[in-house]
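Me: I would like to go through this structure and ask, for each label, what value stands behind it. Please set each value against its cut-off.

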Amino acid sequence: MRAVLRTVNRVFLGLVGLILLVLGGSVLAVGLGAPVPSWWIHDSEHDVLLSDAERTRWRDDGWWWPVVIAALAVLLLLALWWLVAVLRRRRLAEVLVDTGDGEGALVRGRALEDALTQEAVRIDGVDGAHARLKGRRTTPEAHVRLALEPHVDPGTALNDFTTGALTHARTSAGLASLPAEVRLRGVKHGAERVG
């Protein structure tokens, strides 16, 4: 989902930027006296963007105002969706740990991520690891990527991770459960010489 949002964000910003650049450049060029094609919306540097006739052309038609309001509402909803998607936090800042005395303590999310990553790297056959926490601070979820060496059985590496690093993180944070999405990929290696 994050990659889709990133792509939509880039395409949307690129299109808006391109449209604004073309429109602004055309207005500037016409204002400076550049020749304009016959089909262009401006005729000369003294032309207005919208004339009175263009602005009031469909105002008395029954369909005009509902269409304008619907189009503006859709644009507003798309802009709000985009803003929320851009500003939303991607990772969990802190995890609430039950201390048993009714108070609770906060553990930095990055500290738990680092602990998960460091313990995962120590698993036999794991060449690299990266962990991120998402969700709510009372119910975090781990998203982990493990890079496996070519000789490692993925099932064994996954079992070692869930019974080791993931269980230790859940226990140390005092969580009832710590759901995890683990993505495994193999590390490419060069051909070995036989001789």
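Me: Where is Glu 54 placed?

Reply: Glu 54 is in helix 2 (residues 52–55). Helices here are DSSP runs of H or I with at least four residues, strands are runs of E with at least two, and both are numbered from the N terminus. This is a predicted model, in which local features need pLDDT of at least 70 and side-chain atom pairs count only at pLDDT 80 or more, while totals for chains, interfaces and linings use all residues. Residues are numbered from 1 along each chain as its sequence is written, and side-chain values use heavy atoms, with hydrogens and water left out.

Me: Why is Glu 54 called partly exposed?

Reply: Buried means under 20% relative accessible area, exposed means over 50%, and partly exposed is in between (1.4 Å probe, protein chains only). Glu 54 has 47% relative accessibility, so it counts as partly exposed. Its C-alpha atom is separated by 61 Å from that of Ala 111, 57 residues apart along the chain.

Me: What makes Leu 20 exposed, and where does it lie?

Reply: Leu 20 lies in helix 1. Its relative accessibility is 56%, and therefore Leu 20 counts as exposed.

Me: Which residues form the nonpolar patch on the surface?

Reply: Val 4, Val 8, Phe 12, Leu 13, Val 16, Leu 20, Val 74, Leu 78 and Trp 81 form it, with about 790 Å² of accessible area together. A patch takes residues with over 30% relative accessible area and no salt bridge; nonpolar side chains (Val, Leu, Ile, Met, Phe, Trp, Tyr) are joined within 5 Å, and like charges within 9 Å. The areas come from the Shrake-Rupley method with a 1.4 Å probe, and for residues only the protein chains shown count as cover. Helix 1 (2–31) and helix 3 (64–87) each supply at least two residues of the patch. Helix 1 gives the most, with six residues.

Me: Why is Ala 85 called buried?

Reply: Ala 85 lies in helix 3. With 9% relative accessibility, it counts as buried. Ala 85 and Leu 5 are 80 residues apart in sequence, yet 7.2 Å apart in space, C-alpha to C-alpha.

Me: How do you know that the length of helix 5 agrees with its residue count?

Reply: The expected span of a helix is 1.5 Å times one less than its number of residues. Helix 5 (residues 154–172) has 19 residues and should therefore span 27 Å; its end C-alpha atoms are 26 Å apart, which agrees. Helix 4, with 13 residues, reaches 18 Å from its first C-alpha to its last, close to the 18 Å expected.

Me: Where is the kink in helix 5 centred?

Reply: The kink is centred on Phe 161 and comes to about 35°. The bend at a residue is the angle between axes fitted to the seven residues ending there and the seven starting there. Just after helix 5, Gly 174 takes a positive phi of about 70°.

Me: What do the buried residues of helix 5 pack against?

Reply: They pack against helix 4 (109–121), strand 4 (140–148) and strand 5 (180–186). The buried residues of helix 5 are Ala 157, Phe 161, Gly 164, Ala 165, Leu 166 and Ala 169.

Me: Why is Glu 113 called buried, and what is it in contact with?

Reply: Glu 113 is found in helix 4. Its relative accessible area is 2%, so Glu 113 is buried. Contact means heavy atoms within 4.5 Å. Leaving aside neighbours within four places in sequence, Glu 113 is in contact with Arg 91, Ala 131, Arg 132 and Leu 133.

Me: Why does Val 152 count as buried?

Reply: Val 152 is in the loop between strand 4 and helix 5. Its relative accessibility is 15%, so Val 152 counts as buried. Beyond neighbours within four places in sequence, its contacts are Asp 124, Gly 125 and Ala 157.

Me: How many salt bridges are there?

Reply: The count comes to one. A salt bridge is a side-chain nitrogen of Lys or Arg within 4 Å of a carboxyl oxygen of Asp or Glu. Arg 183 forms a salt bridge with Glu 181, the closest N and O atoms being 2.9 Å apart. Arg 183 counts as exposed at 54% relative accessibility, and Glu 181 as partly exposed at 36%.
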